[in-house]
Amino acid sequence: MTFHIEGRKVILVTFIVLIALALLVSSFVSNQWLRLFLYFGFFIEFLWTVSFFRVPTRETNLGDNNILSSADGEIVVIEKIIENEFYKEERIQVSVFMSPFNVHVNWYPFNGKVSYTKYHPGKFLFAKNPKSSELNERNSVVVENKDGNSILIRQIAGIMAKRIISYAKPEDIAKQGEEFGIIRFGSRVDFFLPCDAKINVKIGDKVKAKQTVIAHFK
């Protein structure tokens, strides 16, 4: 396991701030049990920050027709909707909610080429809120495979997330299981699939990026 480059500064700043707070507690808090409680809280906060930016080592569940989850988390939406940003047509939306304890790195779900990307500033509603897909800060990436099948992947900021990072650019080659971005501190990822895709998950399923097949192309 490694730690994401985007988290190194955050981890360092968190460490410095917590050390400063611990020194203040040592100087101004006389109650021993309260000091120990605060120290423990600082320690847990640091462990959580480090854990948030972890990048696990995993084998990719390779397969030309496999649409892998781009994120760890829980399936919270499976429904047909009209996707208005790019396709302007009916699509199957599958959404993965990432809690603050999940890995937040995002990986490409299949091999292909990036045909579209767009960042949208927005609000920071709770990521399980259905309106977050259209109102929150978000970033859209469309990947198309050699057979002309494509999906739109939407990275969505949550109530704690304040920055979406995406490395995807139009004409980039997307390799199944290769990283394309990260969302900081609680968020969700929406997939807009062709209506003839065979869905392989159900509401409430726990999924793992690079490994769980959420659907198959026809």
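Predicted model: local features only at pLDDT ≥ 70, side-chain atom pairs only at ≥ 80, totals over all residues.
Ground rules first. Residues are numbered from 1 along each chain as its sequence is written, and side-chain values use heavy atoms, leaving out hydrogens and water. Local features need pLDDT of at least 70, side-chain atom pairs count only at pLDDT 80 or more, and totals for chains, interfaces and linings use all residues.

Start with helix α1, residues 8–28. Helices here are DSSP runs of H or I, at least four residues; strands are runs of E, at least two; both are numbered from the N terminus. α1 has 21 residues and reaches 30 Å from first C-alpha to last. That is close to the 30 Å expected at 1.5 Å a residue, where the span is 1.5 Å times one less than the number of residues.

Which residues of α1 are buried? Val10, Ile11, Thr14, Leu18, Ala22 and Val25. They cover an arc of only 100° around the axis, so they sit on the same side of α1. The arc is taken from the directions from the helix axis to the C-beta atoms. Buried means under 20% relative accessible area, exposed over 50%, partly exposed in between, with a 1.4 Å probe and protein chains only. On the other side, Arg8, Lys9, Ile16, Leu23, Ser27 and Phe28 are exposed. Phe15 is partly exposed, at 41%.

Now the sheet. It is open, with 8 strands in the order β11-β7-β8-β9-β13-β5-β4-β15, and the pairing is antiparallel. The edge strands are β11 (173–174) and β15 (206–207), each pairing on one side only. Two strands pair if DSSP finds at least two bridges between them. β8 (138–144) and β9 (150–157) pair over 7 bridges. Val141 stands opposite Ile153 in β9.

Next, salt bridges. The criterion is a side-chain nitrogen of Lys or Arg within 4 Å of a carboxyl oxygen of Asp or Glu. The structure holds 10. Arg154 pairs with Glu85, closest N and O atoms 2.8 Å apart. Arg154 lies in β9 and Glu85 in the loop between β4 (73–83) and β5 (89–98), so the pair ties together parts 69 residues apart in sequence. Both residues are buried.

Arg188 and Asp190 also form a salt bridge, again with closest N and O atoms 2.8 Å apart. Arg188 is buried, at 0%. Asp190 is buried at 0% too. Asp205 and Lys202 meet at 3.1 Å, N to O. Lys202 is exposed, at 53%. Shared partners join Glu83, Glu85 and Arg154 into one salt-bridge network.
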